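Please look over the structure shown here with attention to its covalent cross-link, its backbone geometry and its aromatic contacts. The briefing that follows takes these topics in turn.

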Amino acid sequence: MRAYLVSSIAVTCAAALALPLTVATPAAGAGPGVTAPAAANPAAVPDTAVAGSTQSLPLEPLGPARPWGRSFGAAESAAGQGLGRRDVRPFALLGVVWDDVRAPLRGSVEVRTRAAADGSWSDWQDVETHNDEHGADPGTPEGRSGALHGSTAPLWVGDSDGVEVRVRPERHEGVDAPLPSGLRLELVDPGPEPARTARGARVTPAVWTPQAAAAAPTTPEQAEAARVNAGLAPVGADVIPALTRAQTLAELPAATTRALAAKPFIGPRPKIITRKGWGADERMREKGFVYTKTIKAVFVHHSATGNRYTCKQAPSVLRSIYRYHVKSSGWRDFGYNFAVDKCGNIYEGRAGGVAKPVMGAHTLGFNTNSMGIAVLGSYGTTSPPAATLTAIARLTAWKLGLHGVNPKAKTYLTSGGGNLYKKGRKVRFNVIAGHRDGFATECPGGRLYNKLGTARSASAKYQGRR
């Protein structure tokens, strides 16, 4: 993504599951940003209270000693910050953060890690430094939060117990660009895999059973996250099951069904792994949910975490990104509304309900009336698998269909401020757009971006359009 520019709810399960699916939840007359009261910043919650952990290691000046055993070219700087090889507690994902979210990191970040399994050291890997194009829109409560930090993109490295890092400033006409203050390396342990319910991935459509009650959330935070998906799957389910197109239409609320009666263009609901299914610790995020009015556009991203993960590891990657977004970057929750892995599995992202217009923090300046899908991996030089493109098409056909939107159409969004479009400007987008369409960035990677036309056509076909 390098920028071109710089409790008990068991007793109420049956009633909750009987509720109709509601597409929009803001109070009548309320505009974007409606939310339940938020808790104190989740970054203040001690690591011992939630699954996983984060090690935060301040970087040190490296100076002219050139501790990496190599010579610098005339245009390079020997100055910088970093850490020499060292033993650390186990981790699987890393990133570099700094104090001021508005300060760019003009330079490069490279890391080496030691595999916990055999003690071998990796080659040097680049960490994507331009991550400011993600995040909450300026002027929103989340965007104004004093807890926000500057951050690189996170990098998935797998089970590791040693690390080395170097940060070098850009040099222009013999002068080093200043590095932002407070640089530190964040090492994230995603924590253990979540316990599976007896139903596992074989969850059936929403019907109350004693087993469903036994799997019901046990904390207020879990209950809050589960209630917003009531009617789609049993409370406490790991998976929201796929439906046929006929079943999808039959389950829509009456108002939506009437609106779609003349032209019922909506795709069949795909299988979606819930936050519980991938192990999101609901105590980490802020309480309450923030909604926008509708969904007019979808922005496709790549996570820039690298492709060195297996699909079995995808839940761990998600838990790591979630922790990095909240604990290290200071966001209220996971930034994207959905995630898709390279095997085509779809995951619920930011909490608030998969069928509802949840406001994310994915496309700086254009989070209002849109949603973000993150494809796990890096797709600048690697082509996305066919299963991933199919998942994007199926997800968008369903979610855009809930709002009567044609995936092949154009739409207008108003900029909240960014490096391409000034605040207040109305911008015309493809309904399924790439992140780079709204911000000067390489995201979602050239190989994935070039496949979005295929995703638009497939999505429209899933909706029953020609």
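A disulfide is taken here as a pair of cysteine sulfur atoms within 2.5 Å, and Cys-311 and Cys-343 form one, with their sulfur atoms 2.1 Å apart. The model is predicted, so local features need pLDDT of at least 70 and side-chain atom pairs count only at pLDDT 80 or more, whereas totals for chains, interfaces and linings use all residues. Residues are numbered from 1 along each chain as its sequence is written, and side-chain values use heavy atoms, with hydrogens and water left out.

**Disulfide**

- A search of the whole structure finds one disulfide, and the torsion about the S-S bond of Cys-311 and Cys-343 is about 95°, so this disulfide is right-handed.
- The pair links distant parts of the chain, 32 residues apart, with Cys-311 in the loop between β15 (297-302) and α7 (314-328) and Cys-343 in the loop between β16 (338-340) and β17 (346-348); helices (H or I, at least four residues) and strands (E, at least two) are DSSP runs, numbered from the N terminus.
- Cys-311 is buried at a relative accessible area of 17%, while Cys-343 is partly exposed at 44%, where buried means under 20% relative accessible area, exposed over 50% and partly exposed in between (1.4 Å probe, protein chains only).

**Backbone geometry**

- The peptide bond from Cys-443 to Pro-444 is cis, with omega near 15°; Cys-443 is buried at 0% relative accessibility, and Pro-444 is found in the loop between β21 (432-434) and α9 (446-449).
- Ala-304, in the loop between β15 and α7, has a positive phi of about 60° although it is not a glycine, and it counts as buried at 11% relative accessibility.
- Asn-369 likewise has a positive phi of about 60° without being a glycine; Asn-369 lies in the loop between β17 and β18 (370-375) and is buried at 16% relative accessibility.

**Aromatic contacts**

- A search of the whole structure finds eight aromatic pairs, where rings of Phe, Tyr and Trp (its six-membered ring) pair if their centres lie within 6.5 Å, and planes under 30 degrees apart count as stacked, over 60 as edge-to-face and the rest as tilted.
- Among them, Trp-278 and Tyr-322 form an edge-to-face pair, at 5.8 Å centre to centre with 90° between the planes.
- This pair links distant parts of the chain, from Trp-278 in helix α6 (residues 275-278) to Tyr-322 in helix α7, 44 residues apart.
- Ring pairs link Trp-278, Tyr-322, Phe-334 and Tyr-336 into a cluster.
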